[in-house]
Amino acid sequence: MTGVTDDAPVTDEPDTRRLDDLLEDLYHGQERVTQATIYRRAVAAELPAEWLTRIAALPEGEYSVDEAADLLGGSVT
């Protein structure tokens, strides 16, 4: 179909904007956040299942925003 534009790129990777927004909000005023807290907030934000799976696969512990973004594939730094 011609004349149709789609701003979203076609990739196998999920859109990172929602993850980046979640991390920015979650880490506002916080240096480190637990994996469990990240997961709970991701569920509450209704992130796609692929992101929830990635977050659930993180080892338990605390992460800085840079560590979380690097491990999850986000771009918040």
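**Notes on the helix packing**

1. Let's start with helix 3: the cover over its buried residues includes helix 1, helix 2 and helix 4. Buried here means under 20% relative accessible area, exposed means over 50%, and partly exposed is in between (1.4 Å probe, protein chains only). Helices (H or I, at least four residues) and strands (E, at least two) are DSSP runs, numbered from the N terminus. Cover and packing go by contact, that is, heavy atoms within 4.5 Å.

2. A word on what you're looking at. This is a predicted model, where local features need pLDDT of at least 70 and side-chain atom pairs count only at pLDDT 80 or more, while totals for chains, interfaces and linings use all residues. Residues are numbered from 1 along each chain as its sequence is written, and side-chain values use heavy atoms, with hydrogens and water left out.

3. The overall layout: the protein chain has 4 helices and 2 strands, in the order α-β-α-α-β-α from the N terminus. It has 77 residues, and 30% of them count as buried. Among contacts with a separation of 6 or more, 60% come from residues 24 or more positions apart. The chain exposes about 5400 Å², with carbon and sulfur atoms supplying 49% of it; areas come from the Shrake-Rupley method with a 1.4 Å probe, and for residues only the protein chains shown count as cover.

4. Back to helix 3. Its buried residues are Trp51, Leu52 and Ile55. Looking down the axis of helix 3, you'd find these within an arc of 100 degrees, so they line one face of the helix. (The arc is that of the directions from the helix axis to the C-beta atoms.) Ala49 and Thr53 are exposed on the other side of helix 3. Also worth a look: Arg54 sits over the face of Trp51, 4.7 Å from the ring centre. The rule there is NZ of Lys or CZ of Arg within 6 Å of the ring centre and within 35 degrees of the ring normal.

5. Helix 2 (residues 35-44) buries Gln35, Ile38 and Ala42. Down the axis of helix 2 its buried residues fall within an arc of 65 degrees, so they too line one face. They pack against helix 1 (17-26), strand 1 (33-34), helix 3 (49-56), strand 2 (62-63) and helix 4 (65-72). Arg40 and Ala44 are exposed, on the face turned away from the buried side of helix 2.

6. In helix 1, the buried set is Leu19, Asp20, Leu22, Leu23 and Leu26. These cover an arc of only 160 degrees around the axis, which puts them on the same side of helix 1. Strand 1, helix 2, helix 3 and helix 4 are among the elements covering them.

7. What about the largest nonpolar core? It has 18 residues, and Leu23, Tyr27, Ile38 and Leu47 have the most contacts inside it. Such a core is a set of buried Ala, Val, Leu, Ile, Met, Phe, Trp, Tyr and Cys residues joined through side-chain atoms within 4.5 Å. Helices 1, 2, 3 and 4 each supply at least two residues of this core, and helix 1 gives the most, with 4 residues.

8. Ignoring neighbours within four places in sequence, Tyr27 contacts Arg32, Val33, Ile38, Tyr63, Ser64, Val65 and Ala68. Val65 and Val76 are 11 residues apart in sequence and 7.1 Å apart in space, C-alpha to C-alpha.

9. Ser64 is in the loop between strand 2 and helix 4 and counts as buried, at 17% relative accessibility. Not counting residues up to four places away in sequence, Ser64 touches Tyr27, Glu31 and Arg32. Gln30, in the loop between helix 1 and strand 1, is partly exposed at 45%. The C-alpha atoms of Gln30 and Ser64 are separated by 8.5 Å, with the two residues 34 apart along the chain.

10. Most residues other than glycine have a negative phi. Glu46 lies in the loop between helix 2 and helix 3 and is exposed, with a relative accessible area of 62%.
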